[in-house]
Amino acid sequence: MTQQIAERRPRLNRDRVLQAAVALADEVGIGPLSMRRLAQELDVVPMALYKHVANKEELLDGMVDVVIGEIDPPVAGADWKSMVRLRVLSARRVLQRHQWARRVLETRTNPTPAVLGYMDSFIGMFFAGGFSVDLTHHVMHAIGSRMWGFTQELFDATATSDGDAPAPVAPEVQAAMYQEMSANYPNVLQVATAASHDDGSVVGSGCDDQFEFEFALDLLLDGIERLHQLQWVSSEHPSL
């Protein structure tokens, strides 16, 4: 009987482990994810996982690779600006499906072949558009984390340090915050309340994140396009 159950169970391999880890993180978040919890999901003993991933850090690296694999490839035949924009927005959609991925990406110190492959392909879009090595170098610095579909806001209230949703703020607390900001930080308050906020917050947590992301992306791409048209070179690398 035990042998029959084992035969019906899908064979455990690295891909199955990583896919299950991604699904589990999507469900419970990255904090509760552990080798033991993942083993329970796969109905195996924890030691069985170590045949496919050496430790949790390698597991996280592999999960990042799975997520990167979901980003659309460059659109064939498109101009460089449209190609880059579509690729970045595809990455953003992927990270919105996997809310934990941003935090994990930010903690990776050793890029995997999948990470390097994505970066190489991303740089290649600018080379295909006729960009110099010099301008592309500075462009990659300017784009930064946007290539992965996220950016660091001034005050990101969309999640706690654990990646969970922040606790709701009581109306009376919001009112007190409003009064303090009105008295001490009127300029911040004016900008924070300039646009409508779905949650009525006075601290900006209800901003349309997608609009703000695309606004900044388009602003950046327009500036990059202008430098490219001017055949801009930096003083550090005038020959590149």
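Predicted model: local features only at pLDDT ≥ 70, side-chain atom pairs only at ≥ 80, totals over all residues.
Local features require pLDDT of at least 70 and side-chain atom pairs count only at pLDDT 80 or more, while totals for chains, interfaces and linings use all residues. Residues are numbered from 1 along each chain as its sequence is written, and side-chain values use heavy atoms, with hydrogens and water left out.

**Overall fold**
- The protein chain has 12 helices and zero strands, where helices (H or I, at least four residues) and strands (E, at least two) are DSSP runs numbered from the N terminus.
- Of its 240 residues, 32% count as buried, meaning under 20% relative accessible area with a 1.4 Å probe, protein chains only.

**Helix 2 and helix 5**
- The axes of helix 2 (residues 14–28) and helix 5 (residues 56–68), lines fitted to C-alpha atoms over the stretch in contact, come within 9 Å and cross at roughly 85 degrees.
- The two helices are therefore roughly perpendicular to each other (65 to 115 degrees).
- Contact (heavy atoms within 4.5 Å) involves R14, V17, L18, Q19, A21, V22 and A25 of helix 2 and E58, L59, G62, M63 and V66 of helix 5.

**Annotated region**
- UniProt, in an unreviewed entry, places the feature "DNA-binding region" at residues 34–53; such annotations may be inferred rather than shown by experiment.
- The end C-alpha atoms of residues 34–53 lie 12 Å apart, and the span is 60% helix and 0% strand.

Definitions and conventions
Axes fitted to C-alpha atoms, helices over the stretch in contact; angles between N-to-C directions. Parallel < 35°, antiparallel > 145°, perpendicular 65-115°, else oblique. Buried < 20%, exposed > 50% of the residue type's maximum accessible area, 1.4 Å probe, protein only.
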